[in-house]
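Q: Please take a close look at the site around the ligand, and then at a few local features of the chain.

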Amino acid sequence: MSLLVAVTDTVFPSLDGSRAVLSKIGAELQLSKAPTPEAILDVARDADAVLTTYAKLPADVVNALTKCKIISRFGIGVDNVDLDAATAKGIVVTKVPDYCIDEVSDHAMALLLAIVRKIPFSNARVQAGRWEMPTVVPIHRLRGRTLGLVGFGRIPQLVVPKAKAFGLKVVTFDPYVPKDVLAKAGVEHLDFKELVKVSDYISLHCPLTPETKHLFNAEVFSLMKPGSYLVNTGRGPLIDEAALAQALDKGQLAGAALDVVEKEPPTGSPILGRDNVILSPHTGFYSEESLLELETKAAEEVVRVLSGNAPLNPVNPVPAALKSAAK
Ligand SMILES: NC(=O)c1ccc[n+]([C@@H]2O[C@H](COP(=O)([O-])OP(=O)(O)OC[C@H]3O[C@@H](n4cnc5c(N)ncnc54)[C@H](O)[C@@H]3O)[C@@H](O)[C@H]2O)c1
């Protein structure tokens with residue numbers, strides 16, 4: 001019987017990139033009709049591997065998989081998968097850590113420049129026939145201001161030279177980053193509250209974990225510099241959105257630029273409909289080039305594991321049988 005790879009959900013125009021890789025081991029790809037537990041299990045229950053984008057794979061879904069050897073995430077964050085349940089079942093979970101780091105670091109800078117220079121706000125007015133400056137004031141000079149990066153993994157490390165090119169001073173908070181990485185990047189490490197207090201702009205780049213959920217809440221917003229800006233290309237739930245809306249109402253923050261939101265799409269969110277909030281639909285990762293790389297690399301992890309080899313980028317313990325094959 002041929003190998004079966006279930007896809008829980010996808011936002012890609014096609015899955016041809018993955019299909020081409022999987023055809024090398026004769027694996028068939030089947031897409032779930034919906035990102036719900038029932039629909040996912042319809043295709044994934046007896047599948048040999050699972051490819052997943054945003055659909056939630058909680059413990060009860062993971063526990064119902066009968067043959068699955070690998071859950072390969074189309075992406076970097078693995079917060080949609082219950083890792084403990086996967087580990088307990090001997091399923092290795094993988095990510096693709098490097099396919100979009102240029103795109104997301106560009107996107108973070110694009111959001112920062114757009115919100116600080118008030119480009120979407122100005123554009124809306126000009127398009128409506130209002131060629132005027134008074135509504136756009138105030139705008140402050142970027143050069144000499146401080147950008148705080150929360151998390152200092154691959155993406156924010158690429159933000160650093162781009163931000164420095166605009167004359168920004170860059171500081172970071174990341175409790176786990178090695179000192180030599182900071183030294184190489186020429187970035188000062190501050191404790192979390194210090195970063196929040198001194199930054200004119202804060203850009204979020206840490207993963208979503210129990211420790212980072214609502215890291216930006218009412219208390220933290222009250223510590224931010226009045227008139228500062230918040231950019232988020234990490235994960236929506238890093239921010240308590242109701243508290244963000246209040247901080248914007250009070251004028252504590254001048255604006256926010258978000259590629260990710262607490263609930264996607266953000267129907268009914270209090271951050272909608274504001275002149276000083278700009279949103280993109282979780283497209284920070286996307287370019288035609290990154291998408292092909294993502295589809296290819298995620299499927300290659302499946303091919304490795306289903307061929308008895310260790311994956312390149314596991315995020316939980318690799319089962320012993322695969323580990324010894326790698327030696
Ligand atoms: N918007 C998008 O399209 C998009 C695309 C890719 C990734 N992302 C998100 O961006 C995040 C960052 O990506 P990356 O490639 O830089 O990740 P990475 O895995 O290279 O680095 C993550 C960093 O976060 C740090 N970290 C962990 N817990 C932290 C905490 N409590 N406070 C501060 N830092 C903490 C880690 O030490 C690590 O250095 C991902 O986790 C993902 O959720 C979004």
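Which helix gives the largest share of the shell around the ligand?

A: The largest share of the shell, 3 residues, is supplied by helix α7 (residues 154-165); helices (H or I, at least four residues) and strands (E, at least two) are DSSP runs, numbered from the N terminus. This is a predicted model, in which local features need pLDDT of at least 70 and side-chain atom pairs count only at pLDDT 80 or more, while totals for chains, interfaces and linings use all residues. Residues are numbered from 1 along each chain as its sequence is written, and side-chain values use heavy atoms, with hydrogens and water left out.

Around the ligand there are 26 residues, and Arg154, Ile155, Asp174, Asp259 and Phe285 come nearest, where a residue is near if one of its heavy atoms lies within 4 Å of the molecule. The shell divides into 12 nonpolar, 8 polar and 6 charged residues, with Ala, Val, Leu, Ile, Met, Phe, Trp, Tyr, Cys and Pro counted as nonpolar, Asp, Glu, Lys and Arg as charged, and the others, Gly among them, as polar.

Taken alone the ligand exposes 870 Å², of which the protein buries 90%, the areas coming from the Shrake-Rupley method with a 1.4 Å probe.

Turning to the aromatic rings, the count comes to 6 aromatic pairs, given that rings of Phe, Tyr and Trp (its six-membered ring) pair if their centres lie within 6.5 Å, with planes under 30 degrees apart counted as stacked, over 60 as edge-to-face and the rest as tilted. Tyr201 and Tyr229 form a tilted pair, 6.2 Å centre to centre with 45 degrees between the planes. Because Tyr201 lies in strand β9 (residues 201-204) and Tyr229 in strand β10 (residues 228-232), this pair ties together parts that are 28 residues apart in sequence.

As for the backbone, the peptide bond from Val137 to Pro138 is cis, with omega near -5 degrees, and Pro138 lies in the loop between α6 (119-127) and β6 (146-150).
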